[in-house]
Amino acid sequence: MNTYMAGTPGVFEREILHCAPFLKNRLVSFWDIKNNAFSVRESFFYYSTHMKNKVKLFLDSGAFSAWSQGEEIDIQEYIKFIKEHKDSIEIYANLDVIGDPEGTWRNQVIMEKAGLSPLPVFHYGEDIKWLKRILSKGYEYMSLGGMVPISNKDLLPWLDMLWSQYLTDEKGFPICKVHGFGLTSLHLMLRYPWYSVDSTTWVVTARMGSIFVPRFKNGEAIYDENCWTIAVSNKSPNMKEQGQHFETLPESSKKLILNYLEQKGYKYGKSEWKMESQEYELQPNEKWGEKKPKNKSDKRSVEIIIEEGVCNKYQLRDEVNIHYFQDLEKTIQKWPWKFQLSIPKSLF
């Protein structure tokens, strides 16, 4: 399974310094490129020129982002961009129309008539006839979308139905390559024979102050079980809650996590704190520990970084999470593999 890192770490410098050196697969949004949201446009051109042979680029239309802002993406503009950068883009998706499967199919036809081969998309909640249409055309590679806002409880029966009845042959093997858009659940990643998936959890989790750490058995990391999500930020509100933060875990668990970080070339880190006036000039190893108080006379906390690590540098948390997903990708059985439904098909 190919795992594409989606989402954005924020600024261009953070992307190229802390993410690009470790990435193999990157999903970017045309809508974000067009609007240069979070310096995505700069990042795209960096990957497509300086790292063309190292990072595989997957271009999504970003239709949902545009729709959520009351905007639309011009399909001709999307087509033009793809043609201009076709040599740099490994895969590109159809321009879907949110809530309108007929409009989505119409765009598929328009793009194909323009000489392109976009990945067709079937969304959660759409009539199954649209999936049947995609499959009847014999596409070698398609995608499932609209899953991000849906709970795992609702996704599980839907995906079980699709994979057992439509996406696999009589022996349970996939009849085509399938990409899962915005798939964040490890359980759902491992349950089905996806060819590829994308996820933003690597960067979202880091932003929330946490890292992914695999489970261990006999001292070896295992990836076929749900991983630990460990809060490590020294600004985390859970820092003093028993069992909710690295600092309050049992010593045996701490040792496993520290060993894992060391294997990957990282440290937990160490900081000290002090209070200074708002006019204080930060030193090279210091940063503000909180937002600027409204009252100008109030002092502001300053973090003194004694040793850089995942507890005090979110960029390093990004890197650790990228490593986790790429290690996960290496351990998943090679595509294609057989899907076996754990409940009788008659229930569908």
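Which residue in β12 does S210 stand opposite? The points below begin with that pair of strands.

1. The model is predicted, and local features need pLDDT of at least 70, side-chain atom pairs count only at pLDDT 80 or more, while totals for chains, interfaces and linings use all residues. Residues are numbered from 1 along each chain as its sequence is written, and side-chain values use heavy atoms, with hydrogens and water left out.

2. S210 stands opposite A231 in β12. Strand β9 (residues 210-213) and strand β12 (residues 228-231) run antiparallel and are joined by four bridges; two strands pair if DSSP finds at least two bridges between them. Helices (H or I, at least four residues) and strands (E, at least two) are DSSP runs, numbered from the N terminus.

3. Within β9, S210 and F212 point one way, whereas I211 and V213 point the other way, and all are buried. Buried means under 20% relative accessible area, exposed over 50%, and partly exposed in between, with a 1.4 Å probe and protein chains only.

4. An open sheet is formed by three strands in the order β13-β15-β14, and the pairing is antiparallel. β13 (270-276) and β14 (286-288) stand at the edges with a single partner strand each, so one side of each is left without a neighbour in the sheet. On average, neighbouring strands of this sheet are turned by 30 degrees against each other, direction ignored. Seven bridges join β13 to strand β15 (residues 300-307), and the bridge partner of S271 in β15 is I305.

5. Two packed helices are described by the angle between their axes and the distance between the axes. For helix α6 (residues 101-113) and helix α7 (residues 128-136), the axes come within 10 Å and cross at roughly 15 degrees. Axes are lines fitted to C-alpha atoms, for helices over the stretch in contact, and angles run from 0 to 180 degrees between N-to-C directions. The two helices α6 and α7 are therefore roughly parallel to each other, a term for angles under 35 degrees.

6. In the contact of these helices, P101, E102 and W105 in α6 meet W130, R133 and I134 in α7, where contact means heavy atoms within 4.5 Å. The residues of this contact divide into four nonpolar, no polar and two charged.

7. Q263 has its place in helix α11 (residues 251-263) and is exposed, with a relative accessible area of 58%. From C-alpha to C-alpha, Q263 and W31 are 38 Å apart in space, and they are 232 residues apart in sequence.

Definitions and conventions:
Parallel < 35°, antiparallel > 145°, perpendicular 65-115°, else oblique. Nonpolar A, V, L, I, M, F, W, Y, C, P; charged D, E, K, R; others polar.
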